[in-house]
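Work through the exercises below with the structure in view. Each task is followed by a solution in steps.

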Amino acid sequence: MKLVIAIIKPFKLEEVRDALVAVGVHGMTVTEVKGYGRQKGHTEIYRGAEYAVNFLPKMRIEVAVPTDRVEKVVEAITTSAKTGQIGDGKIFVTAIDQALRIRTGETDVDAL
Amino acid sequence: MRMQTSPVGVVAGVIAAVSLALFAAPALAETAPSKIDAADTAWMISATGLVLMMTIPGLALFYCGMVRKKNVLATMAQSLACTMLCSILWFAVGYSLSFAGDGPWLGTFERAFMRGTTMESVSPLAATIPEMLFMMYQMTFAIITVALIAGAVADRMRFSAFLWFAGGWLIVVYVPIAHWVWGGGFLAKAGLLDFAGGTVVHLNAGIAGLVAACLVGKRYGYGTDNFAPHNLSLAVIGTGLLWVGWFGFNGGSALGANSRAAYAIAATHLAASTGALTWMALEWGIRGKPSVLGMISGAVAGLGTITPASGFVLPWHGIVIGLIAGAFCFWACTWLKLKIGYDDSLDVFGVHGVGGATGTLLTGVFAVAMLSADPDTPEGVAGLIEGNARQVLIQLYGIVATLIWSGVLTYILLKVIEFMVPLRVSQQQEIEGLDLTQHGEALQ
């Protein structure tokens with residue numbers, strides 16, 4: 001099992017969700033985060049006081065998938081989240097040691 | 001070891017002591033013959049409501065929208081505190097000392113707790129409305145003047161210290177100046193023109209704010225941390241309430257439902273609009289974008305500056321004064337403040353101090369005799385543009401007197417309070433936020 005973590009531009013969330021549903025992913029966790037990479041922040045000015053805002057709002061999506069589906073999932077996210085502009089985000093894939101569905105007690109792949 | 005005297009308890013005790021003394025003495029009040037006018041009274045009741053609205057929630061929203069989220073409730077609490085405390089003190093002794101009796105320096109106690117007033121009583125200063133109403137109307141001015149100062153020390157003043165300050169400053173600073181300018185005191189006798197509070201309210205609060213900001217010190221993280229306004233939309237709503245309320249502030253200072261009120265409102269509104277446009281234009285040119293904060297700041301600058309002039313000048317002068325206000329206050333808030341380096345959090349000095357002084361001076365320039373003509377002074381009072389250059393000097397006299405009294409006594413008062421309780425919260429409390437540390441509450 002793998003945990004696919006994607007940091008994407010917030011407005012792409014629905015598109016990514018639809019793409020994931022299309023490849024058979026029916027659950028995910030989404031967090032509102034801030035971050036930056038190569039995309040620069042912006043400056044705000046309030047009555048002469050300037051503030052550099054370096055952190056940009058992003059969405060972090062986590063989906064747990066069986067190992068054999070990882071490639072399809074990563075591809076789905078990449079295609080749907082891409083705009084071609086700086087700041088599109090990143091995808092990380094890490095291993096999951098254990099998974100459990102709390103309601104039924106199913107484990108590992110049955111829990112995904 | 002910390003002093004934990006309750007400011008409210010002590011104030012209550014003082015009032016009780018004073019009232020015991022007062023009620024032991026015979027009433028000295030004399031009432032002017034009653035000519036209460038229904039139209040004037042109706043308008044002034046409305047105006048009183050409008051001006052109270054300027055503080056709660058006008059100023060409360062205007063200020064709280066500009067502070068950080070962790071201090072929003074505390075900022076509102078300061079406006080509430082001024083309303084709660086200063087209302088009682090004003091009714092008790094403030095009104096009397098400001099408006100009863102016409103000694104040069106201070107009024108008398110003859111109207112303490114409004115004793116001696118009947119339903120027919122009128123003040124000689126507002127002969128066509130019930131004196132109770134005149135007292136209430138003036139109360140709303142006192143409240144907002146104190147509440148304005150809070151903006152200078154936003155984000156870091158201890159609530160208990162602020163309560164002491166609000167009560168003390170009302171009596172020691174506001175009351176005398178109100179008496180001097182409006183209550184028949186020496187400035188009024190000298191011929192100072194201040195229609196609705198360029199000196200009494202705006203310059204007064206502005207200087208006090210500057211002194212307080214310097215004494216309390218800069219906010220932790222000032223100049224390095226992100227102090228972006230929590231929610232400017234609240235500030236915009238507050239500005240709207242202030243702007244509309246100002247129709248009662250300046251319009252009501254005509255003390256009657258008459259043409260002068262209409263002229264005052266027109267000048268006021270035009271000054272607000274021009275001030276907003278000017279600030280917006282300057283910002284657009286200098287910084288590249290017309291900010292909303294700039295628009296509302298310009299509007300308030302225009303409103304504060306036109307205040308002393310509103311019932312003395314023609315409406316089109318409001319445009320000129322608004323333009324000067326927008327430009328001058330813009331300069332004070334964006335250049336002067338940074339150059340001198342004081343942390344006047346919400347620009348009380350930059351907008352109200354500078355605006356109030358400028359407006360008071362410009363009143364001496366633009367005063368048109370026609371507007372101040374009444375049965376007592378049929379010729380009215382003219383300014384520079386009608387040949388009376390001396391009026392500008394009288395205005396300057398009023399500005400200097402206000403500046404000195406307000407500046408010096410605010411300083412002394414804060415030093416006295418400092419003996420009892422630290423003016424500022426601790427650094428840890430400041431980091432955590434005033435809402436939680438002073439009031440035990442937080443926005444969710």
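**Exercise 1.** Describe how helix 5 and helix 7 of chain B are arranged.

Step 1. The axes of helix 5 (residues 159-181) of chain B and helix 7 (residues 198-216) of chain B come within 10 Å. Helices are DSSP runs of H or I with at least four residues, and strands are runs of E with at least two, numbered from the N terminus.

Step 2. The two axes cross at roughly 145 degrees; axes are lines fitted to C-alpha atoms, for helices over the stretch in contact, and angles run from 0 to 180 degrees between N-to-C directions.

Step 3. In helix 5 of chain B, the residues W169(B), V173(B), Y174(B), I177(B), A178(B) and V181(B) meet T199(B), V200(B), N204(B) and A208(B) of helix 7 of chain B (contact: C-beta atoms, placed from the backbone, within 7 Å).

This is a predicted model: local features need pLDDT of at least 70, side-chain atom pairs count only at pLDDT 80 or more, and totals for chains, interfaces and linings use all residues. Residues are numbered from 1 along each chain as its sequence is written, while chains are lettered from A and ligands numbered from 1 in the order in which they are written.

**Exercise 2.** Determine which residues Y63(B) touches.

Solution. Leaving out residues up to four places away in sequence, Y63(B) touches T75(B), A150(B), G151(B), A154(B) and L346(B).

**Exercise 3.** Explain why strand 2 of chain A lies largely in the open.

Step 1. Strand 2 (residues 29-35) of chain A has 7 residues, and the number buried is 0, so the strand lies largely in the open (buried: 20 or more other C-beta atoms within 10 Å of its own; exposed: 12 or fewer; partly exposed: in between; C-beta atoms are placed from the backbone).

Step 2. Strand 2 of chain A runs antiparallel to strand 5 (residues 56-65) of chain A, joined by 7 bridges; strands pair if DSSP finds at least two bridges between them.

Step 3. Within this pairing, E32(A) stands opposite M59(A) of strand 5 of chain A.

Methods: Contact = placed C-beta atoms within 7 Å.
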